[in-house]
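Here is a friendly walk through a structure with two chains to look at. Have the view open beside you as you read.

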Amino acid sequence: MTTAPPAKLKRAVGQGAPLGPAAVLLLVFLFGPILWSVYAAFTNASLSGAGAAASHFVGLANFKKAFAADGFYNSVVLTLVFTLISAIIGQNALGLMLALWMRKSLRFVRALGGAVVIGAWVLPEVVAGYLWYAFLAKDGSLNHVLSGLGLGTQDWLFSLPIVAVSIANIWRGTAFSMLVYSAALSDIPLEIEEAAQVDGASGWRRLVSITLPMIRRSIMTNLMLITLQTLSVFGLIFTMTRGGPGTKSQTLPLYMYEQAFSFGNLGYGTAIAIMLLLVGAVFSLIYLRALDVDTR
Amino acid sequence: MTATNAGQTAQTARVSPTRPRPRTHTTHVRGRLAALILANVGVLAVAAIFVIPLLWVLLASVNRTAGLTVSLPDHWTLDNFRAVLTPETTYRPMLNGVILCGGAALLTIICATLAGYALSRFKTRYKRPFLLTILFSTGLPITAIMVPVYGLFVQLNLIDTISGTMLFMAATGLPFAIWLMKNFMDSVPVTLEEAAWTDGASRMKTLWYVILPLVWPGISVVAIFTFVGMWGNFFVPFVLLLSPDKLPASVSIYTFFSQYGQVAYGQLAAYSLLYSGPVVILFLFLSRKLGGAFAFGGAVKG
């Protein structure tokens with residue numbers, strides 16, 4: 001750099017300058033906190049008491065505490081269940097099914113279905129939380145329908161809280177997968193499927209042997225993205241159950257929130273944050289590989 | 001896009017019966033018909049299930065005795081709206097939301113336009129690492145960094161300030177905005193700028209006078225998506241803002257309706273509608289203007 005001629009240096013600076021404002025914002029507010037968390041996770045920083053005035057280095061104590069805590073394991077398992085039911089199975093499969101069906105459906109059916117599903121996606125998450133609270137509550141619509149059919153009713157938010165929030169998250173997130181798959185399917189020439197159809201391939205066979213392999217990159221990308229989104233869900237669960245009853249729907253973000261802000265253990269909460277970030281980073285790296293983006 | 005798909009479907013439906021395959025002809029047509037019926041019924045069924053929670057908010061908002069069940073109002077009324085349309089419940093949180101999210105979205109767009117231009121046009125050594133970092137950060141769970149961000153904000157004395165929260169929100173919106181903006185600018189042929197350069201225009205001048213007018217639709221898409229995302233964000237302002245008079249609508253809806261034991265469901269529904277209104281309108285505008293949702297699907301599919 002020092003040996004570069006002034007003109008070349010000037011050009012390099014001039015070309016880098018438009019990146020400046022974005023780089024500063026990202027460094028200070030995105031990577032700053034991440035670096036700070038790497039430090040804070042090894043301290044006893046807290047909102048009140050001794051750790052608030054002067055936190056000090058405690059080594060791996062926060063991580064040891066996490067791996068010994070039942071609450072931590074509980075939230076890890078619930079996060080896995082939540083991600084599996086709502087993202088990998090629910091949103092992904094329903095989104096793909098809708099995208100496939102919409103290719104063949106009448107124009108007004110497609111417009112209507114798209115409007116409702118995308119409407120659910122556009123609504124703010126707190127509103128979605130309240131809507132599903134109303135739907136699943138003890139005197140909510142679902143129980144009304146069930147008792148009308150002569151079936152037993154129960155307080156779904158109390159008996160099956162993690163399933164309840166998962167279903168709400170399917171409702172909220174399916175549009176994303178649907179849009180991704182609609183875009184992917186629109187790139188497949190219809191002639192290919194027709195040719196297979198003429199050759200006598202059944203609908204299921206065509207889906208498994210032709211359509212799915214052709215959009216497999218989109219499937220990979222979509223799975224990565226919705227997993228990452230689902231790992232971050234907070235407002236939806238918080239408005240529906242607050243992680244309860246007890247800790248029965250307390251996923252990792254809610255556990256982290258409770259530890260850091262309700263109990264004031266900032267250092268411990270940061271250690272949880274780091275672990276969540278690491279999981280996110282791994283998925284994000286796989287996503288980058290899958291994208292195989294041309295950045296040259 | 002939808003129009004062309006419909007056209008293709010209609011075309012294939014017309015063509016297929018004339019294919020010279022007499023033996024499989026009837027089963028072929030029957031199978032196709034069954035598939036068509038299944039597809040339409042399937043989409044309608046999903047739509048019907050999806051619409052029930054939405055119906056509740058619409059009907060409860062105009063029902064004087066609204067409960068939690070979807071039911072036609074026994075007393076139609078606008079009282080629920082009247083009750084929540086007060087400065088402290090609606091107007092101030094909405095204004096806070098507009099200032100917070102509008103400011104953050106504007107900042108995101110300005111930074112993303114500049115960065116997107118550089119990444120699209122210049123061949124510098126910063127480009128590849130920068131772009132990979134950007135893509136990597138689009139995947140990071142922002143929820144996870146809220147605890148460290150809180151710690152950082154306390155140390156920087158930015159906690160409970162709208163400007164600090166705005167800067168953080170702008171930063172979280174940046175990676176995706178830069179990525180979209182770069183792709184939009186890649187689609188503008190560089191020959192247009194070369195003409196301007198030979199006339200002696202600077203880089204920034206060509207960006208302003210040549211590129212921006214061409215990518216304007218793209219910028220408005222990114223702006224609306226960024227704003228809608230921020231308007232709906234609950235966790236970030238919930239953690240970083242503390243004073244009730246600074247809270248945006250996303251948080252005040254929660255604090256307002258969770259502090260009373262007995263919730264007035266009609267008012268909750270009315271407020272939900274008022275709070276969701278701006279994003280629904282912006283989204284309708286977007287999809288009408290650009291087939292936005294589908295263009296978005298194309299942008300992320302990879």
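Let's begin with domains: the C-alpha centres of domain 1 of chain B and domain 2 of chain B lie 33 Å apart. Domain 1 covers residues 20-77 of chain B, and domain 2 covers residues 81-300. Where the two domains meet, eight residues of domain 1 of chain B are in contact with six residues of domain 2 of chain B. On the domain 1 side, the touching residues are four nonpolar, three polar and one charged. Please keep in mind throughout that this is a predicted model.

**Between the chains**

Now turn to the place where chain B meets chain A. The contact draws 88 residues from chain B and 94 residues from chain A. Which helix of chain B gives the most to the side that touches chain A? That is helix α2 (residues 25-61) of chain B, with 16 residues. Sorted by class, the side of chain B that touches chain A holds 60 nonpolar residues, 23 polar ones and five charged ones.

**The build of chain A**

Chain A has 16 helices and zero strands. Its radius of gyration is 24 Å, well over the 19 Å that the globule rule gives for 296 residues, so chain A is more spread out than a compact globule. The C-alpha trace of chain A spans about 70 × 65 × 30 Å along its principal axes. Of the 296 residues of chain A, 47% count as buried. As for contacts in chain A with a separation of 6 or more, 72% of them are accounted for by residues 24 or more positions apart.

| Residue | Phi | Loop |
|---|---|---|
| A:Arg242 | about 55° | between α14 (235-240) and α15 (252-262) of chain A |

Why does B:Asn157 count as exposed? It has 9 C-beta neighbours inside 10 Å, and a residue is exposed if 12 or fewer other C-beta atoms lie within 10 Å of its own. A:Arg242, with 15 other C-beta atoms within 10 Å, is partly exposed.

Methods. Residues numbered from 1 in each chain as written. Chains lettered and ligands numbered in written order. Predicted model: local features only at pLDDT ≥ 70, side-chain atom pairs only at ≥ 80, totals over all residues. Domains from an automatic or database assignment. Contact = placed C-beta atoms within 7 Å. Nonpolar A, V, L, I, M, F, W, Y, C, P; charged D, E, K, R; others polar. Helix = DSSP H or I, 4+ residues; strand = E, 2+ residues; numbered from the N terminus. Buried ≥ 20, exposed ≤ 12 C-beta atoms within 10 Å, placed from the backbone. Rg over C-alpha atoms; globule rule 2.2 N^0.38 Å.
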